[in-house]
Amino acid sequence: MSTRRMTVGQALIEFLAHQWTVDEVPVPGADDGGTMTVRERTVPATFGIFGHGNVAGVGQALLQYAATDPGLMPYHQARNEQAMVHQAVGYARMHRRRATYACTASVGPGAANMLTGAALATANRLPALLLVSDTFATRVADPVLQQLEHPHDIGIQVSDAFRPLSRFFDRVQRPEQLFSIALAAMRVLTDPAETGAVTIALPEDVQAEALDVPEEFLADREWHVRRPLPERGPLARAVEAIRGAERPFIVAGGGVIYSGAEDELRRLAEATGIPVGTTQAGGGALLWDHPLNLGGVGATGTAAANAVAAQADVIIGIGTRYSDFTTASRTAFQDAAVRFVNLNVTSFDAYKHGSQLPLVADAREGIAALRAGLADFRVSEGFAARAASVKAEWDAVVDAALAPTGADLPGQPEVIGAVHAAMDPADVIIQAAGSLPGDLQKLWRVRDPLGYHVEYAFSCMGYEIAGGLGAKRGLLALGDDRDVVVMVGDGSYLMLNSELVTAVAEGIKLIVVIVENQGYASIGHLSETVGSQRFGTRYRTADEAGGVPAPDLERGGFLPVDLAANARSYGATVVDIAPGPDSVAQLTNAVRAAKKANGPTVIQIHNDPFVYAPEGNGWWDVPVAEVSTLDSTGTARAEYLDQQKAQRPLLG
């Protein structure tokens, strides 16, 4: 057997460079269900921030290949370890989980900074490969810089914190373990039912140790994406249940996007007349103006989708994990005998809510099978008319919400309308946390399957800019020059904005819209609903009387923080829109100008946080204090108990 003498770091990097994902995808523009084969590198590049834990191992390997074979494994510098993982996730979303980046960080704080990213990747079922450095396997110099020490278990290190956050975790304690660990990691990374954060812990000494590596380990290897078909028995029972339904309703989740099943979903809806609601991850599964798309469903959903969901007797969940926002904390589906047909590639999600009608299958294959089984099924004219009516009513509500009012401080719906008006149909909107996800799910009119990426499984403040940069990288790798627009509140911007420097350094075009409202607007609003009166959510100076934040945080003045100046200091092109009656028009013009520019552009607009999106009639269960001396909390508790009455166990 032919071998090469290499370090563990060198062997791992060269191994990753030769991994390929192979998938059968729908032929673009075809309406016959035909497919073509796509083959792309599973890990096309590596992000890295180096320290003593990885500079001589993975870092040396990346340098060596950059010198001898620059295209083998390109390296990209990052400014924050958490942000590296967010970039990998954004990239993976645009590639429908077929590709992602590797992320390498040093021991201790470098590794710990990736924990949030790992949790986000796993929660979103999106792949990210984390090469986490670890302390000496030999323990020759314990305790080394940045090493943890637990008297009851000396072996526990920061890397162990990745175990519950990862879909796969292993540590290369000896060089010979690399082969089995790397192959097992790739299996999980490319498996649609298993994917998420994949973590390989690499002790700093082992990374630099040499071993004889078989050429076979370094050769091209293909990982074919599984597209399992539904079993005949479960399929027959699901078809029977839908045929017997009077008011069936489809809940389309992210699995539709990752499977490339949008056309199949459209065909199923059109053939049967079954209306569709989408989750946050499923935005784009059916385009907004399709007659059967009622918009987002659940806590932040539309009044149209929630009205139909409340009356539905069979819910057909496709590629959804049924988060509490999707089910409106189990109040969205009110029919006494509602049943769930759950089509999902993972049995974990297919069996949720006690479903006795699980379909464990790929979304595209499962939808095609359902359509064949429902060939002559059609919803009643009355139900179809009801769905069409509520959609028309909601569309009119959105038209009014997006229209400029001429106020000096526009509401967030107007801001959304201004950004939407400037974007092309294929452009991508990126968001993650705060009040924007809810407003976007209600108001954003998605015009392309990949045009809507709101990270809402983990809803991580700070994801937006890094995730948007990763999404843009992913599109560029596909030869797609559509624009990526990030909308971010000032709270999230302050959490993690450093990847603007990366965008400037690499000349990557990214459009960032900062919605400045002097605080945590989303939690401020939520705080009022639980009787806490926006406590701790506004950005103010200290109380002049006591030198500490005032209890209501209203007595101090606005902070003099200038986010536009911050972005300008990074080297981005900046447009700072002053309050005024034409600020919304200026925003639209600024986004249009940014679309014509090169490199990153940051646009700041000030808004009124007390102007809310139209009510979608969804509810979110956030507990209220059972006893309190505050009247506001007592009132909120009574309202909370009233809302709780609508919760159901969902054992369908």
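His353 is buried, with a relative accessible area of 7%, where buried means under 20% relative accessible area, exposed over 50% and partly exposed in between, computed with a 1.4 Å probe on protein chains only. His353 lies in the loop between helix H13 (347-350) and E17, and its phi is near 60°, a positive value in a residue other than glycine. Helices (H or I, at least four residues) and strands (E, at least two) are DSSP runs, numbered from the N terminus.

This is a predicted model, in which local features need pLDDT of at least 70 and side-chain atom pairs count only at pLDDT 80 or more, while totals for chains, interfaces and linings use all residues. Residues are numbered from 1 along each chain as its sequence is written, and side-chain values use heavy atoms, with hydrogens and water left out.

- Strand E12 (residues 248-252) runs parallel to strand E15 (residues 314-318) and is joined to it by five bridges, with Ile315 in E15 as the bridge partner of Phe249.

- Another open sheet of six strands, with parallel pairing, has the order E5-E4-E6-E7-E9-E8.
- Strand E5 (75-77) and strand E8 (168-171) are the edge strands of this sheet, and each pairs on one side only.
- E8 and strand E9 (residues 197-203) run parallel and are joined by four bridges, and Phe168 stands opposite Val198 in E9.
- Helix H1 (residues 8-17) lies across strand E4 (46-48), strand E7 (128-134) and E9, running at about 180° to E7.

**The loop between E7 and E8**

- Pro143 has its place in this loop, and the peptide bond that leads from Asp142 to Pro143 is cis, with omega near -10°.
- Gln146 also lies in the loop between E7 and E8 and has a positive phi of about 75° although it is not a glycine.
- Gln146 is partly exposed, its relative accessible area being 33%.

Note on methods: Two strands pair if DSSP finds at least two bridges between them. Contact means heavy atoms within 4.5 Å. Axes are lines fitted to C-alpha atoms, for helices over the stretch in contact, and angles run from 0 to 180 degrees between N-to-C directions.
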